[in-house]
Amino acid sequence: MIPRMASVPVQAASGPMTGGPTLTSVPPIRLRRRSALPGFGPTLGFTVLYLSLVVLVPLAVLVLRASGLGLAGVWAVAMSPRVLAALQVSFGLSLAAATVNALLGPVVAWGLTRYHFPGRRLLDAIVDLPFALPTAVAGIALAAVWAPNGWIGGLLAPWGVQVAYTPLGIFVALVFIGLPFVVRTVQPVLADLDREIEEASATLGASRRQTVWRVVAPTVLPAVLTGFALAFGRAVGEYGSVIFIAGNMPFRSEIAPLLIVVRLEEFDYAGATAIATVMLGISFLMLLAVNLLQAWSRRRLGHV
Amino acid sequence: MSETLPRAAVGACLDAMPRHAPATRRRGGVIDESAPVQTALVAAAVGILALLVVLPLLAVFTEALRRGVGHYLESFADADTQAAIRLTLMVAGIAVPLNLVFGLAAAWAITKFEFVGKSLLVTLIDVPFSVSPVVSGLVFVLLFGAQGVFGEWLAAHDVQIVFAVPGLVLATVFVTVPFVARELIPLMQEQGTSEEEAALTLGASGLRTFLSVTLPNVKWALLYGVLLCNARAMGEFGAVSVVSGHVRGLTNTMPLHVEILYNEYNFVAAFAVASLLAGLALVTLVAKSILEWRGGDQLERSRRI
């Protein structure tokens, strides 16, 4: 797909990337091909050691603890009413927020990619703010804006709509943090879209609407779905930006990550572990889904 | 070998900031929307961003200054607030260099050599992005907490990790592991090994090759990764919240201090500290735009794979 500079074999042994015939006889299976470059051992050793200490061992301990509870134990915790309610709040609202992101994101991406207007570059940079703003800051800021006495909350209050401190508040926070994922995955695809294809569609008699729906939309769809999955994955685990606006009422507006914290504060490690395991399992499924989506869109478009 | 490293969970990049794409030039004619439709779409884009993103940012500064500049500045005279700022700088000062070294080592091993299990390793690097921040903190409590795996041993030797600074550093390192590596790996993968091989043939040492050939080739991507890594390290909330123990003046980072002040209804002080973090976010966005402008070619190529 991407042409790489041909690497020149420097030594008699094969160059690392060419894999061409070699002068020395190469055993059929080797754990690594020979390379002219130094430092393989130390850097790989350090990488593996570091990853193991920082990431693998801690996660393995979580899995180990959970296996101590047994599948039945984890299931029992996951099915207890309060946990089940929290999981439903987290996954249900994440799904709703990611769906809204999948609808709003392409509009924002389209506006920023296709048209030139004053302040476009500034606005484009602003898209990343939910990534860059620490979640606790986002949380109190969103609560301030959407509270009944806030800028937007104040406008909604006379209509009897309360956003902050209700599940609706969680939804708003999740839309906020998820938006950049969809915009940023869709934008490059829109920018790279060969406009001659659209012109061809138009010359063949398609109306603009037909071109957008039949030509542009199918090309952009994989990116939208990837963005959707990313936004959903982030939303499910989100903590900081949600807890300040959520209200955190058990059974109503309590998210699963918060319940983990509550269990920890009660020194109920087993309960916390069980909830964490369920969430971890689901996030790995999401990871898998994202990879499959990216593979699919790579096949369709050449790259994501 | 496969042409594309599985950017896998880049994926799950739960906090990464992808770069923006250049806007296409306008071309008149059959494929442009009518003027009212264009205006409506631009208005929609502006409206969505203003409502969702810009308003909360403005709210931070408005709330911080609600009772005047004097009150705002007074918030920073508080000893606990200053301790929180120092702790945040210290934690980021440890976590970012660690992950910088890790990113360089991982990228070198992964992109310059062929070995079995490479794609698994690449996927593993991205794992912290797909884990909830709270779970990232929880794993360290399970390891080093009182009931944890090493809990008794640590207690017997009077070593405290969780609910102390080492725990904060560990949790921060965990959540920021992928940032530098995931910027470098796709770029160095595409650059291949020929330049390094040429340098070695000409007699340069391995270290010299790395410093004068590899490093200049990736400097913008490296800075980019460090920038994002630092932003996350200083702003991390969920993971450090779980391992912190919330001891004022001792284990409170800035984001945690924001929470404490907010829960005490000390809103001006909470938003004042928050405004510093929001300022950090804005500086990060500006620096990011500058890096994209200066190193656009490198960053663009790193995105493409």
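## Close-up legends: helix contacts and chain contacts

**Helix 11 of chain A passes helix 5 of chain B with a left-handed crossing.** A crossing is left-handed if the near helix is turned anticlockwise from the far one by less than a right angle, and right-handed if clockwise. The model is a predicted one, in which local features need pLDDT of at least 70 and side-chain atom pairs count only at pLDDT 80 or more, while totals for chains, interfaces and linings use all residues. Residues are numbered from 1 along each chain as its sequence is written, and chains are lettered from A and ligands numbered from 1 in the order in which they are written. On the chain A side, Pro257(A), Ile260(A), Val261(A) and Leu264(A) make the contact, and on the chain B side Val134(B), Leu138(B) and Val141(B) do (contact: C-beta atoms, placed from the backbone, within 7 Å).

**The contact between the chains takes 103 residues from chain A and 100 residues from chain B.** Helix 1 of chain B (residues 35–64) supplies the largest share of the chain B side, with 17 residues. That side of chain B divides into 69 nonpolar, 17 polar and 14 charged residues.

**Helix 7 and helix 10 of chain B pack at an angle of about 140 degrees, with their axes 9 Å apart.** Helix 7 of chain B spans residues 165–176, and helix 10 of chain B spans residues 206–235. The two helices of chain B are therefore oblique to each other. Helix 7 of chain B passes helix 10 of chain B in a right-handed crossing. Thr172(B), Val175(B) and Thr176(B) of helix 7 meet Cys229(B), Arg232(B) and Ala233(B) of helix 10. The residues of this contact comprise three nonpolar, two polar and one charged.

**Chain B is divided into domain 1 (34–64) and domain 2 (78–304).** Domain bounds come from an automatic or database domain assignment. The centres of the two domains of chain B, taken over C-alpha atoms, are separated by 31 Å. Five residues of domain 1 of chain B and seven residues of domain 2 of chain B take part in the contact. The domain 1 side of that contact has four nonpolar, no polar and one charged residues.

**Chain A has 12 helices and zero strands, and chain B has 14 helices and zero strands.** Helices (H or I, at least four residues) and strands (E, at least two) are DSSP runs, numbered from the N terminus. Among contacts between residues at least 6 apart in sequence, 72% in chain A join residues at least 24 apart; the corresponding share in chain B is 79%. Buried residues make up 49% of the 304 residues in chain A and 54% of the 305 residues in chain B (buried: 20 or more other C-beta atoms within 10 Å of its own; exposed: 12 or fewer; partly exposed: in between; C-beta atoms are placed from the backbone).

Terms used
Two residues are in contact if their C-beta atoms, placed from the backbone, lie within 7 Å. Ala, Val, Leu, Ile, Met, Phe, Trp, Tyr, Cys and Pro count as nonpolar, Asp, Glu, Lys and Arg as charged, and the others, Gly among them, as polar. Axes are lines fitted to C-alpha atoms, for helices over the stretch in contact, and angles run from 0 to 180 degrees between N-to-C directions. Angles under 35 degrees count as roughly parallel, over 145 as roughly antiparallel, 65 to 115 as roughly perpendicular and the rest as oblique.
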